[in-house]
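Please look over this protein chain and its ligand.

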Amino acid sequence: MVLRQINPVRDGEEKATHGGVVAAGGSSVLHRDLAHDFLPLKEGRGNHLVLDDGRKIFDASGGAAVGCLGWGNERVAQAVMKQMLAMPYCATIYYTTKVQEELCRFLVDSTNGKMSRAYIVNSGSEAMEAAVKLARQYFLELSPPQCQRTRFISRKQSYHGITLGALAVGGHQFRREKFKPLLMDNVTRISPCNRYRGKKPGETDEAYIVRLAEELDQAFQAVGPETVCAFVAEPIVGAALGCVPALPGYFKAMHAVCKKYGALLIFDEVMCGMGRSGTLHAWEQENVVPDIQTIGKCLGGGYQPVAGLLVNRRVVDVLMKGSSAFIHGHTYQGHPAGCAAALEVQRIIKEENLLRNVRAMGGLLSRRLKERLGQHPNVGDIRGRGLFWGIEFVADKATKEPFPVHEHVAMAIAERGLKPEYGIGVYPGGGSADDCIRGDHIIISPAFNVSADEIEWIVETVGRLIEDYFVDLL
Ligand code: PLP
């Protein structure tokens, strides 16, 4: 994560204090921001976070769009505890566990046969690293092998994780900047599909999609189509843009270009997947099935660090006929406690039909946010799907001019939200000094069991927060 995103102190403004803080300077933790004060988190109850001093904060973003059941779920905690007592670790070189097998079966079945195997790791970044390596290995094991395929095409303003391989395919300028000399340089970045920022005045959706597909085609041509392993994209761009879904038909057009050149399609659903968008997999709404898919956050809902890959038959069959091994592995992959948490979270989502609530409450959230904030002069765009909504801020609504990056507007708003008079947690992002889009945004992504009353409270509180912030700013 970005140091300066964590400390949004604006020029001349007093440093934010939320009360009851732990000074990072006096801590033994190598905190993300060594100069910042951190809130001492005691417990989570439902959708509320409780600090050491008893103060409550409504978690309207599930942290980083992670919490999908809220906090303190007994069933998930019991499932993890049971597994820890039975067997807390699995050396996956020799063994498997029932819980890993059941989780992977659940995940594969959830795709109606579109995907054929699942692979469980501990974080979204690990999942992306594995996806990149698997794509490469697929081409090495094709018959005949296509060893020249070493390149990737991804999109500007995308975030695929913080480790070196994931940073290399990602397009989050700020997070990459200082580490560029360490990153593989075999990645071409093209424009994302961003209706608000990318579409030209008067351009139809269809023409915009054709233009973006041509850009992808040209990217293939520029590097040599026979050298590309995969096109990598988030179906709904999360941290880098703030919940920007592609236009209907966009991924079909992009997939057609990948097919034309024999490249794989990798969807990063770490943030937008596992129900967040209203369907278990965001690609279900695109009608486009990827070859490899990464999942994370809402897989385990924050109860354990757990993420994974879903892989289709095309890729699995090649490995089966080839080396029959994925040359990759982590000590803690397929971790039984992570699998137990994920399996229980997914069972609860299914049993309680929570995706229906995601769609219903998502509709309400979208409507109410637009009513409450749509006309605000500093709100440029409100977009998203399911319970995954972004609000983008602009200095000038007519020209869409963003705020200067150094003002850290989104972080300042999010930090202000934590103060007692609001008591709300939202997730800030943007502000990356990229070559095109740098809009500040906040993400609202509450738990899947959020109620209509809670949605009304979120909208009212976020409305007040944004209004107050810009009154003070301008
Ligand atoms: N991919 C996307 C789309 C993400 O949003 C993130 C994290 O925010 C990652 C990958 C990396 O996941 P993690 O932070 O679990 O490593």
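The report below starts with the whole chain and then moves to local detail.

This is a predicted model: local features need pLDDT of at least 70, side-chain atom pairs count only at pLDDT 80 or more, and totals for chains, interfaces and linings use all residues. Residue numbers start from 1 along each chain as its sequence is written.

**Whole chain**

The protein chain has 16 helices and 19 strands. Helices (H or I, at least four residues) and strands (E, at least two) are DSSP runs, numbered from the N terminus. The C-alpha trace spans about 65 × 60 × 45 Å along its principal axes.

Buried residues account for 49% of the 474. A residue is buried if 20 or more other C-beta atoms lie within 10 Å of its own, exposed if 12 or fewer, and partly exposed in between, with C-beta atoms placed from the backbone. Of the contacts between residues at least 6 apart in sequence, 71% join residues at least 24 apart. A contact means C-beta atoms, placed from the backbone, within 7 Å.

**Ligand shell**

There are 17 residues around the ligand, and Gly-124, Ser-125, Gly-161, Val-270 and Met-271 come nearest. A residue counts as near if its C-beta atom, placed from the backbone, lies within 6 Å. Helix H5 (residues 124–141) gives the largest share, 3 residues. By class, the shell has 8 nonpolar, 7 polar and 2 charged residues. Ala, Val, Leu, Ile, Met, Phe, Trp, Tyr, Cys and Pro count as nonpolar, Asp, Glu, Lys and Arg as charged, and the others, Gly among them, as polar.

An open sheet of 4 strands runs in the order S15-S16-S19-S18, paired antiparallel. Its edge strands each pair on one side only. Two strands pair if DSSP finds at least two bridges between them. Strands S16 and S19 share 5 bridges. Across them, Glu-392 has His-441 in S19 as its bridge partner.

| S15 | 379–385 |
| S18 | 427–429 |

**Ala-337**

Ala-337 lies in helix H13 (residues 336–351). Why does Ala-337 count as buried? Because Ala-337 has 24 C-beta neighbours inside 10 Å. Leaving out residues up to four places away in sequence, Ala-337 touches Val-80, Gln-83, Met-84, Pro-88 and Gln-304.

Notes: Two residues are in contact if their C-beta atoms, placed from the backbone, lie within 7 Å.
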